[in-house]
Amino acid sequence: MDNYTNDNTARRYIAHVSIFGTTQIHLRNPYIIAWWSAAFPGFGHLLLSKYIRGFVLFIWEVIVNLNANINLGIIYSFQGDIEKVIQVLDTRWLLLYMPVYLFAIWDSYRTTVDMNKVFILADRENHRFNTFSIGALEINYLDKRNPLLAVVWSLCVPGLGQLYIHRIGVAFYVIIWTIIFFYFSHILEAIPFLFLGEIDKATSLVKPEWLLFLPSVYGFSLFDSYMNTVENNKLFEKEQRDFLQKNYQHSKFTLLKGKKVK
Amino acid sequence: MQLYATFESNIFLELALSQLEQKGIHKENIFAVPLDNRTEKRRVFDSIHRADGISLIDIGVALATAFSVVGISIGFKLAWGPIFWGLISAFTGFALGFAIKLFIVFFVEKRKRVLIGKHSEVILIIDCEETQSELVEEILWNHFALGVAKIK
């Protein structure tokens, strides 16, 4: 059940509130979006709420990266061991990597620039949209939440910040992949040894090619949950202002020219 | 008698409105004025390169991720291992990015700086009988009005 049945009469809409989450078009910085695509193909598109291509590019990155040993290549490159880089990269997969990697960056940049123009038009058109949705399995509505709390939850486990602001699709996707990366990188097994001071033992336990996925997942989850909390709050305020102007500005209302009393 | 009150834009404002209506104040006797914040005029060419509201941490998180990939890689060869170096470099990256952004906001874009729309406020004017004024005032304060004044 929604509080507004969309009749598809607007040329452009700025938001869609469904039981799966609040999807919004808002102004984004194309360079920042392109950067997240470079950090991990797919993340740029997830930030744009283009989930299907985001999910597909993400899976593509994991498969091709691990088979071509890109992450190991990155590690040896930063260590300055070029011999080892050449040795470890699998040329059967390697050349597959570059075109799609660059496509993800370029496409997310281009889409951001386009969607910023769409936002300006949709914002001026200011067509009504659904703001409340209740169903058998979930409830979602426009609301104000705390961006800092979203960041804190994402720091605990990537994806929880998204769950806090009801971005169900990304939340579960990120949580599941976090579990996969935690498990295969053996990082949680290494942490007790760090507390015991046995750093060499901890280092030998972790699998570097899996560990290297984690910084991007954490960074993305922090940024995505923070940005969307801020934007959801702005959407709430905008919608409330429209509501007040529509309902509480009666033409017969007259001001009383009296004196202030206690 | 009229009561003036200012509110922040949040759900308590709507709770106050619905309670006032429940207590017999008609919609026509409530006047709401959402205030505009000071904002920069929107320009197509500038605004596509800026996402307002997210500005302070964007470079920080981006650099944290980049630095920590480098930190982890080199960390495998260093005494403290990849996890500590990954975390250290992530914090360094974030601090650096945050500092860069603060510098940009406070020095480079100083003249363009505007109030960010965080505390958008609403003025409410309620027209009621003098006998109701106590009740109305209480409802307004109970729902976190920032200020209330009575005019007679």
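Tutor: Gladly. This is a predicted model. Begin with the lining of the second largest pocket, which has 26 nonpolar residues, four polar ones and no charged ones.

Student: What makes a residue there a lining residue?

Tutor: An atom of the residue must lie within 4 Å of a pocket point. The second largest pocket has 30 lining residues. Nearest its centre are Leu155(A), Tyr218(A), Leu87(B), Ala90(B) and Phe91(B). Leu, Tyr, Ala and Phe count as nonpolar, so these five names belong to that class.

Student: Which helices supply at least two residues each to that lining?

Tutor: From chain A, they are H7 (147–156), H10 (187–195) and H13. From chain B, they are H3 (55–75) and H4 (81–108). H4(B) gives the most, with eight residues. The space in this pocket is about 850 Å³.

Student: Why is one space called a pocket and another a cavity?

Tutor: A pocket is an open set of points, whereas in a cavity the probe fits but cannot get out. The count gives one cavity of 30 Å³ or more. The largest cavity has a volume of about 70 Å³.

Student: Which residues line the largest cavity?

Tutor: They are Thr22(A), Asn140(A), Tyr141(A), Leu142(A), Asp143(A), Arg145(A), Ile165(A), His166(A) and Asn232(A). By class, three are nonpolar, four polar and two charged.

Student: What makes two of them charged?

Tutor: Asp and Arg are on the charged list, so Asp143(A) and Arg145(A) are the two.

Student: Now the helices. Why are H7(A) and H13(A) called roughly antiparallel?

Tutor: Their axes cross at roughly 160 degrees and come within 8 Å. Angles over 145 count as roughly antiparallel. Therefore H7(A) and H13(A) are roughly antiparallel to each other. Their crossing is right-handed.

Student: Which residues make the contact of H7(A) with H13(A)?

Tutor: H7(A) brings Pro147(A), Ala150(A), Val151(A), Ser154(A), Leu155(A) and Cys156(A). H13(A) brings Tyr218(A), Ser221(A), Leu222(A), Ser225(A), Tyr226(A), Thr229(A), Val230(A) and Asn233(A). The contact has nine nonpolar residues, five polar and no charged. Leu155(A) and Tyr218(A) are also among the residues nearest the centre of the second largest pocket.

Student: How do you know how H9(A) is oriented relative to H13(A)?

Tutor: Helix H9 of chain A covers residues 168–185. The axes of H9(A) and H13(A) come within 10 Å and cross at roughly 155 degrees. That is over 145, so H9(A) is roughly antiparallel to H13(A). This crossing is left-handed.

Student: What meets what between H9(A) and H13(A)?

Tutor: Val170(A), Val174(A), Thr178(A), Phe181(A), Phe182(A) and Ser185(A) in H9(A) meet Leu214(A), Val217(A), Tyr218(A), Phe220(A) and Asp224(A) in H13(A). Eight are nonpolar, two polar and one charged. Asp counts as charged, so Asp224(A) is that one.

Conventions. Residues are numbered from 1 along each chain as its sequence is written. Chains are lettered from A and ligands numbered from 1 in the order in which they are written. This is a predicted model: local features need pLDDT of at least 70, side-chain atom pairs count only at pLDDT 80 or more; totals for chains, interfaces and linings use all residues. Side-chain values use heavy atoms; hydrogens and water are left out. On a 1 Å grid over the protein atoms alone, a cavity is a set of points where a 1.4 Å probe fits but cannot get out, and a pocket is an open set with protein on both sides within 12 Å along at least five of seven lines; lining residues have an atom within 4 Å of a point. Grid points are joined across faces, edges and corners, and a volume is the space filled by probe spheres set on the points. Helices (H or I, at least four residues) and strands (E, at least two) are DSSP runs, numbered from the N terminus. Axes are lines fitted to C-alpha atoms, for helices over the stretch in contact, and angles run from 0 to 180 degrees between N-to-C directions. Angles under 35 degrees count as roughly parallel, over 145 as roughly antiparallel, 65 to 115 as roughly perpendicular and the rest as oblique. A crossing is left-handed if the near helix is turned anticlockwise from the far one by less than a right angle, and right-handed if clockwise. Contact means heavy atoms within 4.5 Å.
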